[in-house]
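Hi,

Here is the structure I said I'd pass on.

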Amino acid sequence: MTLRAMPGAVFVAAYLASVVAANVGVATFGAAGMLVASWVVIPVDLTAKDVLQQRWTGRGLLLRMAGLVLCGSALSAALSANVAHIALASAAAFAASGAVDSVVLHCLRDRGVLARVNGSNVAGALVDSLVFQALVLAQLQPAMVLAQAASKVLGGVVWSVLLRRHLVR
């Protein structure tokens, strides 16, 4: 594999590692793990997904993106039975947020790369936080949803700037 071909694999690995780390962190540390995941791990997931979506345009995009979500959750569940319920909630949250994120990313296609990626991350972060909390906690805590979404968005801004050269212009 050449160095030019390598970044795609690196983004797949980053996506999968971030999903597993978030799921294991939440299963192990509860609410504290949820907040750490929101600041550090999920922004990597959101930004890596946007990079991959922009690179994988065309036929097979939906199948590839669904495969990423399912692989991340399956890897998480395979680590421990204690993570399985978190992995299922995570799969639902990532699928819902990924769909919303993808639509917004497409709608912003005429904007600059950072506006496109961060604009889609706002929508994706909010949906991810809402769905995950509803499924894991069986209730919504509006302040926690907003705190999680805001931290994912801010983390996403940092990652999008760091990864800017890998984003499709």
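**How α3 and α4 sit together**

α3 and α4 are roughly antiparallel to each other (that label is for angles over 145 degrees; under 35 is roughly parallel, 65 to 115 roughly perpendicular, and the rest oblique). Helix α3 covers residues 61-79 and helix α4 residues 81-107, and they pack at an angle of about 165° with axes 7 Å apart. Axes here are lines fitted to C-alpha atoms, for helices over the stretch in contact, with angles from 0 to 180 degrees between N-to-C directions. Helices are DSSP runs (H or I, at least four residues), numbered from the N terminus.

Before you go on, a word on the model: it is predicted, with local features needing pLDDT of at least 70 and side-chain atom pairs counting only at pLDDT 80 or more, while totals for chains, interfaces and linings use all residues. Residues are numbered from 1 along each chain as its sequence is written, and side-chain values use heavy atoms, leaving out hydrogens and water.

Back to the pair. On the α3 side, Val69, Ser73, Ser76 and Ala77 make the contact, and the α4 residues they meet include Ala84, Ala87, Ala91 and Phe94 (contact means heavy atoms within 4.5 Å). The residues of this contact divide into nine nonpolar, three polar and no charged. In that count, Ala, Val, Leu, Ile, Met, Phe, Trp, Tyr, Cys and Pro are nonpolar, Asp, Glu, Lys and Arg charged, and the others, Gly among them, polar.

**α2 against α6**

Helix α2 (residues 31-55) packs on α6 at an angle of about 40°, again with a 7 Å gap between axes, so the two are oblique to each other. Among the residues in contact are Met34, Leu35 and Trp39 of α2, and Leu154, Gly155 and Trp159 of α6. This contact has 12 nonpolar residues, seven polar and one charged.

Leu154 belongs to helix α6 (residues 142-162). Leu154 is partly exposed, at 48% relative accessible area (buried is under 20%, exposed over 50%, partly exposed in between, with a 1.4 Å probe and protein chains only).

**Around α5**

Arg111 lies in the loop between α4 and α5 and is exposed, with a relative accessible area of 54%. Just after α5, Ala138 takes a positive phi of about 60°.

Cheers
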